[in-house]
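Subject: Structure for you to look at

Hello,

Here is the structure I said I would pass on. Please open it next to this message and read the two together.

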Amino acid sequence: MQNDQQTKKTPRFKYSSEQVIDKPFNWGQIIRLFQYMKPYSKNLLPKAIIAMMVSTAVRLVVPIFIGVLTFDHAIKNKDTNLLVTLIVAIAGLYLLSWGANTLRIKWMNYLGQYVIYDIRQHLFKHIQRLSHRFFDQRSAGSILVRIINDVNSLQDLFTNGVINVLMDVILLFGIIVIMFIYSPELTLAIMVILPLMFFISTSLRKKIRRSWQVVRIKQAKLNSHLNESIQGIRVTKSYTQEEENMDFFNGVNNETYDSWKTATQQNALFRPFVEMSNAIGTVILLWFGSYLIQGGALDIGVFVTFAFYLGMFWEPISRLGQVYNQLLVGMASSERIFEFLDEKPNVHEKDNAYSFSTIKGEIEFKNVEFSYNADRKALKGIDLTIQGGQTVALVGHTGSGKTTIANLVSRFYDPTSGAVEIDGKDLKDVNLASLREKVSVVLQDTFIFSGTIKENIRFGRPSASDEEVQNAAKAVGAHAFIERLSNGYETEVEERGNVLSVGERQLLSFARALLADPDILILDEATASIDTESEQKIQRALKTLLNGRTAIIIAHRLSTIREADNIVVLDHGEIMEQGSHAELMEAEGIYYHLVVSQFKMLDAI
Amino acid sequence: MGLETFKRLKDFYWPYKKYFYWSILTLILVSGITVIYPMVLQFTIDEIIIKGEYSTVPYVAIGFILLMVIKGAATYTHQFYGDLFGIRSVYELRESLYEKLQFLPFDYYDNAKTGDLMSRLTADVEGFRFFLSFGFSQLINFVLIIGFSLSVMFFYSVPLALITLCMMPFLAIVVYKFDKEVHPAFRGIRKSMANLNTKVQENISGINTVKSLSREDFEINKFDTSNEDYKSQYLTTSHIWAKYFPVMELIGNLSVVLLLAYGGYLVIQGNLTAGELVAFFSLVWYIMGPIMNLGFIMNTFSQSKASGERLLEVLDEQFEMEGKDRELETVRFHGEVKFKNVTHRYKNEKKEALKDISFIAKPGQTIGLIGATGSGKTSITQLLSRFYNPESGKIKIDGKPLEDYSLRTIRKNIGTVLQESFLFSSTIKDNISYGNPYAEMDDIINAAKRAQAHDFIMELPDGYDTILGERGLGLSGGQKQRISIARAILIDPTILILDDATSAVDMETEFRIQKALKEVMSDRTTFIIAHRISSLKHADEILVLSNGKVIERGTHEELIHQESGAYRKIYDIQYQDKDKVFQMNGQGV
């Protein structure tokens with residue numbers, strides 16, 4: 001199984017791999033987690049506990065009925081009446097336990113699911129309110145994992161864990177107490193196996209758990225690679241890297257196999273150990289028990305009862321070990337969940353925030369500085385005034401600060417220093433919802449939600465009527481292509497589906513924005529390649545969209561730039577020059593050279 | 001029973017039959033010794049305690065411990081080899097699947113969904129393994145343990161055994177009904193979970209859109225619906241559990257009551273010994289337990305069968321023309337490309353993607369391809385790389401038909417920059433050297449410089465060692481394109497295909513890239529697909545495509561002089577700016 005080919009360099013693909021670590025037990029976190037059970041502490045929780053106690057009591061009592069009472073009294077005395085009484089009693093107890101179990105399972109699941117629902121809802125709600133900074137730093141996948149997988153992994157803990165701990169503790173103590181009452185010395189002798197059982201349940205389990213963790217990590221890596229190799233298959237084929245990739249995969253596959261084999265080796269130890277400890281208990285019972293009977297200190301019935309109890313020992317201990325595992329898993333998950341819940345939105349809303357009603361759409365940047373992280377300033381002392389109804393084009397290279405300016409107007413971030421004002425109001429004093437109602441952003445890569453075309457346009461204003469949706473689509477020239485789709489406005493689309501072309505997506509987002517009817521529009525012009533015909537449609541739609549609004553356009557197309565009222569040329573977070581196209585061409589500054597060199601290029605090659 | 005699937009997958013697991021045999025052999029031991037426990041109990045009570053023969057106790061005790069040691073060893077061997085049987089088979093299965101994936105033809109991927117393939121490669125592989133490791137031996141165990149237990153029961157007392165067994169049909173019915181109800185419910189949970197997953201994924205991916213239209217509340221409501229649905233699906237399932245599970249337990253318990261009633265009566269009558277009655281209490285659960293589990297085991301069987309079928313679907317796919325036995329030797333092209341009356345149609349499509357395409361590209365020449373989306377530009381380059389075979393017509397390189405070269409030769413000679421610049425989770429360096437893993441660092445830097453990628457790479461914290469992808473750094477579209485171009489340059493291709501490769505790069509950078517490429521490609525052939533006239537106006541021949549046909553051809557100069565031509569129309573739209581831009585101050589350039 002060895003990779004015969006000596007690897008010459010580092011592996012060609014790199015996937016994040018977590019480490020296998022055990023976190024110290026954090027009680028504060030457990031308590032915080034269990035706060036989620038509080039709403040149910042007066043209703044579901046006690047109900048579930050009572051049902052559990054009834055069924056546990058039945059389990060504890062029945063061995064006495066069968067062992068001590070049946071053997072030592074009914075059978076020994078050949079008392080058929082007593083036997084009948086006992087049988088009726090046991091049957092009654094079992095029926096009681098059946099009812100209790102039905103309710104217990106039901107209520108436990110209710111409890112667990114309600115708590116999980118609450119946690120997930122809380123987490124999702126919180127994340128919706130977080131600011132752009134939060135999303136900048138994380139991939140969509142990593143956020144998804146917390147809302148889905150981490151919350152799911154708490155499911156077992158809340159459904160079974162909590163109640164089962166109580167049940168097992170009661171069961172274990174109950175057995176020991178009852179045994180002790182019947183025969184202290186035999187009980188003490190059998191107790192020897194308890195530490196052994198606990199050792200297996202905790203220590204051996206821990207080792208096994210760790211080796212499974214390794215397997216999971218290796219499998220995650222294998223799956224990451226599989227996923228990537230499917231998505232990148234066209235590149236692989238174009239570059240004939242199939243064999244090289246197979247080498248890599250073989251390595252990962254071997255790693256997975258080896259870790260799995262190790263885990264299995266350890267895992268297979270578990271049952272033999274458990275059975276051996278049980279066997280030791282049984283032998284003690286046989287040997288010491290018959291010795292006690294011989295001396296007359298014990299009856300056969302008690303011996304039988306003990307045999308029953310011995311068989312019941314392992315289950316609660318094993319389950320307690322499982323709960324411990326669940327707690328560890330739960331702690332790791334809840335730590336990740338709490339990390340998100342503890343994130344505060346970077347953009348704060350003041351308590352008495354001002355709400356915009358109607359605005360003129362004047363935007364003013366007053367000596368604005370901004371940095372995404374400590375070491376680099378994205379904006380350096382920006383002063384900029386945009387009149388209501390004006391169209392401003394921001395021009396500059398990647399990283400010059402165009403997008404940052406746009407983001408500050410929507411208040412996705414707050415400036416590090418200085419102020420951004422709309423109609424003379426500092427945005428920090430403005431109610432966020434009222435601001436974003438006035439300001440709409442049309443992004444470069446239009447996001448399509450799965451649903452119908454209609455729903456996607458309506459995303460701009462959920463209350464819009466069908467007619468309004470159609471009107472918006474007509475206004476931006478999207479109506480024609482939508483009508484041509486198989487189901488018109490009812491056609492189902494999805495994020496990565498290829499029902500729509502890039503140009504069509506762009507038109508959809510224009511319709512969406514038009515429907516939202518903002519006073520200020522921020523538009524990140526698409527750089528993606530669109531064929532010339534669609535391009536023209538977009539240009540026409542853009543005119544409709546900009547009509548009567550203040551607009552800030554992160555522009556890439558000369559035609560858009562040229563028609564702007566004001567062109568702002570940015571470089572490394574500073575405004576280099578601004579003015580109309582004519583003015584800037586006259587000035588023969590940076591903008592002029594930018595334009596001239598572009599056309600020169602066209603002719604040069 | 002549909003054992004066909006298992007038969008056809010035999011090559012993956014049967015070479016390891018040794019593991020399987022060991023696992024089953026030891027399983028017989030395990031089941032056998034399990035049934036001995038109640039017998040020991042019976043012996044102790046009847047022969048030792050009641051008869052007062054206490055001197056045999058040590059022998060029984062030590063004998064029992066010895067048996068349990070053997071059982072322990074057998075349990076270990078059984079479980080380990082059983083697992084190993086599955087793991088080892090899965091290892092082989094994965095190797096084969098991966099090889100398939102690498103060498104499947106392009107058409108396969110045109111119709112395949114990543115999600116579906118991934119679920120075959122993960123869930124179905126796991127489903128198959130689970131049955132090999134666990135399900136198979138559980139089926140055998142079911143027969144063994146019930147067989148052994150029944151024998152012992154009948155050996156002790158026939159009437160009591162019959163009485164105990166009379167509850168079993170009821171149990172079987174309940175288990176059957178439970179199984180029938182619970183599986184759809186589980187499917188419901190899975191579906192609901194998948195839906196929740198999609199909703200969240202979409203929300204996070206589109207969070208910028210959500211926030212910029214301040215639709216958070218709308219999204220929260222949407223999420224609430226899915227979250228609620230998941231909860232209710234789960235609770236529906238738990239109701240089924242709550243309904244059936246206690247009933248199964250009750251039936252088991254009622255057998256115990258029957259056992260106690262009739263058994264106790266028999267003991268009082270002197271027709272059964274006390275020890276035998278005690279043994280029955282254990283034996284009854286040895287039978288009940290497996291029956292309760294039978295539904296689960298049968299289910300692993302049918303699931304693994306379905307999994308196996310889905311795996312076979314992938315494994316049965318044909319390899320790409322040559323597959324893995326390709327020649328390693330490659331020939332170097334001069335770069336003369338000739339298309340003669342080439343027509344192509346994609347699988348499952350009615351319309352032809354290309355109709356009667358002919359052209360010749362000489363080494364050192366550049367061919368420009370322009371036209372609306374779906375006009376066939378990319379198809380031409382895909383046929384050239386032989387990702388597909390044309391329906392009719394001839395494609396020749398250096399005068400020889402394409403089929404005469406190995407795929408490896410063709411693709412080693414052609415550097416392609418695809419429309420979507422896919423980069424792997426790896427360092428920038430390894431991404432650039434993807435097609436040429438043994439390239440020297442100097443060459444990598446050189447390629448990056450030509451693709452105008454060097455400067456921005458050097459600005460990154462780890463330079464060429466910066467890790468991209470999954471958890472790594474996200475690059476802008478233009479940056480990705482430049483790295484893809486460097487990747488293509490580094491394989492030193494004789495034919496270079498740029499499929500919309502500079503669309504996200506600003507014009508100035510594009511200009512510099514083109515200048516650099518011109519140098520590299522001076523004696524090689526270049527295909528440029530673009531929407532911007534500026535990207536391909538310097539081509540030696542431009543083909544204007546529409547609906548798979550060449551509607552115009554010629555140099556830029558020739559084409560713009562066709563007043564009502566398609567190319568001229570595009571040109572006018574793109575260059576109307578030029579005049580407007582400069583008319584204001586009357587300057588020409």
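Below is what was found in it.

This is a predicted model, in which local features need pLDDT of at least 70, side-chain atom pairs count only at pLDDT 80 or more, and totals for chains, interfaces and linings use all residues. Residues are numbered from 1 along each chain as its sequence is written, and chains are lettered from A in the order in which they are written.

The contact between the chains takes 126 residues from chain A and 128 residues from chain B; two residues are in contact if their C-beta atoms, placed from the backbone, lie within 7 Å. On the chain B side, helix 10 (residues 216–269) gives the most, with 27 residues. Helices here are DSSP runs of H or I with at least four residues, and strands are runs of E with at least two, numbered from the N terminus.

For chain A, an unreviewed UniProt entry lists residues 48–327 as "domain: ABC transmembrane type-1"; such annotations may be inferred rather than shown by experiment. That stretch is 92% helix and 0% strand, and its end C-alpha atoms are 20 Å apart.

Ile70(B) is found in helix 4 (residues 57–103) of chain B. Ile70(B) counts as partly exposed because it has 15 C-beta neighbours inside 10 Å (20 or more would be buried, 12 or fewer exposed). Beyond its neighbours within four places in sequence, Ile70(B) is in contact with Leu29(B) and Ile33(B).

Regards
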